[in-house]
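Student: Please take one part of this model and look at it closely. I would like the start of the chain, in a single connected account.

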Amino acid sequence: MVCVACLLPLFLIPVVNALPLLVDFILGKVYGLFGWEYRKPERVPPACPYKPVNKKDAQGGSEEHTNPESQKVAENDKQE
């Protein structure tokens, strides 16, 4: 037997993904009852939450040379 709590995410994820479509459908029907036109809002495309790693050039160094945060703070203290 499989635990019911273990199966819950399998069924919950598709329901959560379908919520925006369901809301658009229901609002379209409600607006239709009043004789209004419901236009679906534009959805923002999904973005990758991870920043890409800096690529290294042929000599082994990175293309961008950035200062660590501790050095940036030290440089800001010197300017004051």
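Tutor: A disulfide is a pair of cysteine sulfur atoms within 2.5 Å. By that cut-off, the structure holds 0 disulfides. The model is predicted, so local features need pLDDT of at least 70 and side-chain atom pairs pLDDT 80 or more, while totals for chains, interfaces and linings use all residues. Residues are numbered from 1 along each chain as its sequence is written, and side-chain values use heavy atoms, leaving out hydrogens and water.

Begin with the two cysteines. The sulfur of cysteine 3 has its closest cysteine sulfur in cysteine 6, at 3.9 Å, which is too far for a bond. Seen from cysteine 6, the closest cysteine sulfur is that of cysteine 3, again at 3.9 Å and too far for a bond. Cover is judged by relative accessible area with a 1.4 Å probe, protein chains only: buried is under 20%, exposed is over 50%, and partly exposed is in between. Cysteine 3 has 41% relative accessibility, so this residue is partly exposed; cysteine 6 has 53%, so that one counts as exposed.

The UniProt record, an unreviewed entry, places a "signal peptide" at residues 1–18; such annotations may be inferred rather than shown by experiment. In the model, residues 1–18 are 83% helix and 0% strand, with the end C-alpha atoms 29 Å apart. Helices (H or I, at least four residues) and strands (E, at least two) are DSSP runs, numbered from the N terminus. The chain has 2 helices and 0 strands.

Helix 1 covers residues 4–34, which is 31 residues. The expected span is 1.5 Å times one less than the number of residues. Helix 1 does bend, by about 40° at leucine 19, and proline 20 follows within four residues. The bend is the angle between axes fitted to the seven residues ending at a residue and the seven starting there. After helix 1 comes glycine 35, with a positive phi near 80°.

Arginine 43 and aspartate 24 form a salt bridge, 2.9 Å from N to O (a side-chain nitrogen of Lys or Arg within 4 Å of a carboxyl oxygen of Asp or Glu). The pair links distant parts of the chain, 19 residues apart: aspartate 24 lies in helix 1, and arginine 43 in the loop between helix 1 and helix 2 (69–79). Aspartate 24 counts as buried because its relative accessibility is 8%, whereas arginine 43, at 51%, counts as exposed.
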